[in-house]
Amino acid sequence: MIGFYNYTVILTYLGFSSSILGICFAMQGKLSLAMLCLMMSGFCDMFDGTVAKTRKRTRQEKNFGIQIDSLADLVCFGVLPVVIGYNLGLNTQPYHYLILVVFTLAALIRLAYFNVCEEERQATTTEPRKYYEGLPVTCDALILPALYSFRNYVPVDFTILYGIALVAIAVAFVTKFKLVKLKMRGMLGLLLVGILVFIWFIKEF
């Protein structure tokens with residue numbers, strides 16, 4: 001069988017599987033479940049790198065990890081939010097489709113750029129990454145569900161607000177600014193916020 005099969009890629013595969021379920025839920029109109037799947041994909045992505053570092057990998061395994069992670073991220077954080085947006089109501093005006101395309105394209109460009117830079121970085125140093133350029137695509141796994149959880153409390157049509165959020169996030173994906181990579185304490189802080197949003201979601205069921 002082609003590919004690499006060890007525990008370092010399990011979280012990536014779980015996150016990808018969660019996003020596929022999320023797409024199915026969104027197409028059925030079960031948007032809250034789709035958002036929960038988006039959050040689960042974000043959780044898996046948050047810790048897959050930490051898990052991968054616990055195993056000594058060959059150069060080929062590391063490159064495979066980079067590629068499989070980005071390919072999964074495109075579906076999880078590039079495609080799933082767009083499918084949610086489409087089924088939320090971003091499907092009635094020509095500019096709605098433009099927003100959906102631009103968001104996915106920005107995620108694609110960012111992920112491809114990250115792959116190129118990460119391969120070059122790993123070829124010259126073994127030090128861990130200290131910062132990101134632009135907003136990591138994983139961030140929409142927290143931003144969008146948090147925004148969605150307040151949909152019943154905003155004074156405007158939430159579809160409009162969601163579309164604006166997609167545009168803003170897309171711009172942040174491809175804008176060149178430095179964002180410090182969170183260490184374990186910061187990751188746990190984000191996890192806590194995610195748990196609070198998750199609890200808020202559970203109240204709907």
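## Cysteines, helices and a histidine

Trainee: Let's start with Cys 37: is it buried or exposed?

Mentor: Keep in mind that this is a predicted model. A residue is called buried when its relative accessible area is under 20%. Cys 37 has a relative accessibility of 9%, so it counts as buried.

Trainee: How many disulfides does the structure hold, and which cysteine sulfur is nearest to that of Cys 37?

Mentor: The disulfide count is zero. Cys 37 is in no disulfide, and the nearest cysteine sulfur is 9.0 Å away. That sulfur belongs to Cys 24.

Trainee: Now helix H1, what span should its 18 residues have?

Mentor: H1 takes in residues 10-27. The expected span is 1.5 Å times one less than the number of residues.

Trainee: Where do the buried residues of H1 sit around its axis?

Mentor: The buried ones in H1 are Leu 11, Thr 12, Gly 15, Ser 18, Ser 19, Gly 22, Ile 23 and Ala 26. They cover an arc of only 145° around the axis, so they lie on the same side of H1. In general, an α-helix has 3.6 residues a turn, so residues three or four places apart point the same way. Back to the place you asked about: an arc of only 145° puts these residues on the same side of H1.

Trainee: Which residues does Asp 69 touch, leaving aside neighbours within four places in sequence?

Mentor: Asp 69 belongs to helix H3, residues 59-88. With 18% relative accessibility, Asp 69 counts as buried. Its contacts beyond those neighbours are Thr 12, Asp 45 and Asp 48.

Trainee: Last one: which residue's backbone nitrogen does the side chain of His 96 reach?

Mentor: His 96 sits in helix H4, residues 94-124, and is buried at 7% relative accessibility. Not counting residues up to four places away in sequence, His 96 touches Gly 89, Leu 90 and Asn 91. Its side chain also has a polar contact, at 3.4 Å, with the side chain of Tyr 95. The backbone nitrogen reached by the His 96 side chain, at 3.2 Å, is that of Thr 92.

Note on methods:
Residues are numbered from 1 along each chain as its sequence is written. This is a predicted model: local features need pLDDT of at least 70, side-chain atom pairs count only at pLDDT 80 or more; totals for chains, interfaces and linings use all residues. Side-chain values use heavy atoms; hydrogens and water are left out. Helices (H or I, at least four residues) and strands (E, at least two) are DSSP runs, numbered from the N terminus. Buried means under 20% relative accessible area, exposed over 50%, partly exposed in between (1.4 Å probe, protein chains only). A polar contact is a pair of N or O atoms within 3.5 Å; within protein, one must be able to donate a hydrogen and the other to accept it, and residues adjacent in sequence count only if both atoms are side-chain atoms. Contact means heavy atoms within 4.5 Å. The arc is that of the directions from the helix axis to the C-beta atoms. A disulfide is a pair of cysteine sulfur atoms within 2.5 Å.
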